[in-house]
Amino acid sequence: MEFMRQKLFKISLSTMLCVGYLVPSSALASTASVGDAKMTMTKQTNDALLSALSGPASVNPSQHFKVVFGLANVKSPAYAQDLTFQYHADLYTFVQAKSLIDGVAIIASENVAPGQVRLLVASQGADHPVSGSANVVELEFASKPLSQNASGTITAKLVSLGDGEGKEFQADGSKVDVQVVVPSSGGDSDNNNNNNNNNGANTDKETGKDKDKDKDKSKDKEKIIVQLDKGQTKADVSLSQVSGTTLQIKNGQVAITIGKSIIDSILGQAGSVDGASIQVQMVPVTDSNAATTPAIDHSAKVKIAGQVYELSITLKKADSSEVKLTKFAEGLELSLPVESDVKNKNLLGIYYLNETTNQWEYIGGKFDKETNTINVKLSHLSKYAVLQYNKEYTDVPADHWAYDVLQTLSAKHLVSGVTDSEFNPNGLTTRAEFTSLLVRALGLQSQGKNSSFTDVTANDWYAGDVAAANAAGLITGVTDSTFAPNIHLTREQMAILLVRAYEYKNGKSTNASNAQNNYVDAANVSVWAREAVNKASAIKLLQGRSGGQFDPQSETLRVEAAQVIMNLLETDN
């Protein structure tokens, strides 16, 4: 057997087909005679042929884990596969591989070099070719007993298929990132249990925080990641491969994450899963007009800070019909890289090109400094890019204490001036204006313009925001039936709204303290506002004015409202 295995690795895939290691030999009869090891076979590239690797995003040291290799768009039935996988030998050890298809066997396996394993896969008879889209083999690895976190990649370096006519096809490689995460101190006993038990059951000694981490790891294992190679712009992934999971397609640092809810919806539309696939395209836009298209606010300095991409997702059914997916209620995320020479990351955001108005429109984005990317949730697909939005106001010079805050909030499209050039920082803020600020900062979606307040009509510009804030429990009226939208907001009223927004944002209440006693005018805070002032002061949502005063009954300045919104955005869970 060892001699036969060595012999197999010394010959090519096409020769292996010819000499009859595989069937159907009848299909080869007119192509080559048995034993003709010198015959030159036709080698072709099939652009539609794709490979995919999926596995856990993270594992513990000394833990066994499995990576699945699959193929998509195999148009010519394949009877042989020559597969070479490369991995970080200092992070993982290859254990074994097994076939995932009945009638298809791994006839030879060898570590041909450190960090490299080669598999020869063969169909056992004419009735068992690989075609369409399927998971082919499962590779088992063991992470090494590391003392610190490390990130590595497992790559399908060479993917070569042979059909029944002696032709050889190659697919582009694919990869999956698997991080080895060393648990925090005190968790060794639990980790040892996990290493010996695939269920990863937790002991009673485990803290609630550790359980949350394990839940996160479980979620990571349910994600399939497909890494496109350089020059690739699309991926076709079998529906059978992604059923019940989250799918992420990556092209360098560009990534589209398709949530389980969308996958489930696509499965419902597909009818039959067998032979159906999802095609995801991320096409760089070379049209120079896209780079010069203006943003909605022409008074700001706006420029492209990255590549423009056109995104699309298509369901390809088994009957060859296609359904282009364009709108999504939830579950779709986009990550775009940021140009390294951009100094002020606070001015960046992701925009989509509204081709009806021919303008870039802001949709949001959160900057991740570790990956130097901006991430955002999408509701539809279009052309997207990272833009830098630099807005300045003539009445807020660069040496003003709120200059940076107003630049940042303007770039996030949360605040705007009273004119194109003026902000009016010392103007007063109404209850309706501050409510709208909170709604935009929290990303609340308006469910309509009707509220229970008799002094807010559907025609008012703030009607939708008031209705959304009221539904979220952020606001109440000055009476049971009136909101007083145009009354100026006092500082102690602002404290109440801020605390409600903070607790809504973070999903938890916060404890009151005696922070208000630090103010010389603490006695002037209304009884009904003391708890909120204490909370807001303790968690640094707002601070007092000069002379150690809180000034609770004074009206809120526009610049103060902007600053506390910035404080709210910067709070963590």
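Colleague: What makes the charged end of arginine 491 count as sitting over the ring of phenylalanine 550?

Modeller: The rule asks for NZ of Lys or CZ of Arg within 6 Å of the ring centre and within 35 degrees of the ring normal. The charged end of arginine 491 is 4.8 Å from the centre of the phenylalanine 550 ring and sits over that ring. Arginine 558 is placed in this way over phenylalanine 423, 4.3 Å from the ring centre. This is a predicted model, in which local features need pLDDT of at least 70 and side-chain atom pairs count only at pLDDT 80 or more, while totals for chains, interfaces and linings use all residues. Residues are numbered from 1 along each chain as its sequence is written, and side-chain values use heavy atoms, with hydrogens and water left out.

Colleague: Why is the pair of phenylalanine 453 and phenylalanine 483 called tilted?

Modeller: Rings of Phe, Tyr and Trp (its six-membered ring) pair if their centres lie within 6.5 Å; planes under 30 degrees apart are stacked, over 60 edge-to-face, and the rest tilted. Here the centres are 5.3 Å apart and the planes stand at 35°, so the pair is tilted. Phenylalanine 453 is in the loop between helix 10 and helix 11, and phenylalanine 483 in the loop between helix 11 and helix 12, so the pair ties together parts 30 residues apart in sequence. Helices here are DSSP runs (H or I, at least four residues), as are strands (E, at least two), numbered from the N terminus.

Colleague: How do you know that phenylalanine 453 is buried?

Modeller: Buried means under 20% relative accessible area, exposed over 50%, and partly exposed in between (1.4 Å probe, protein chains only). Phenylalanine 453 has 5%, so it is buried. Phenylalanine 483, at 1%, is buried too.

Colleague: What is isoleucine 475 in contact with, leaving aside neighbours within four places in sequence?

Modeller: With contact taken as heavy atoms within 4.5 Å, the partners of isoleucine 475 include Phe453, Phe483, Val466 and Leu497. Ile475 is also one of the residues that touch the most other members of the largest nonpolar core, which has 53 residues. Helix 12 gives the largest share of that core, 8 residues.

Colleague: What makes a set of residues a nonpolar core?

Modeller: The members are buried Ala, Val, Leu, Ile, Met, Phe, Trp, Tyr and Cys residues joined through side-chain atoms within 4.5 Å. In soluble globular proteins, nonpolar side chains tend to be buried together.
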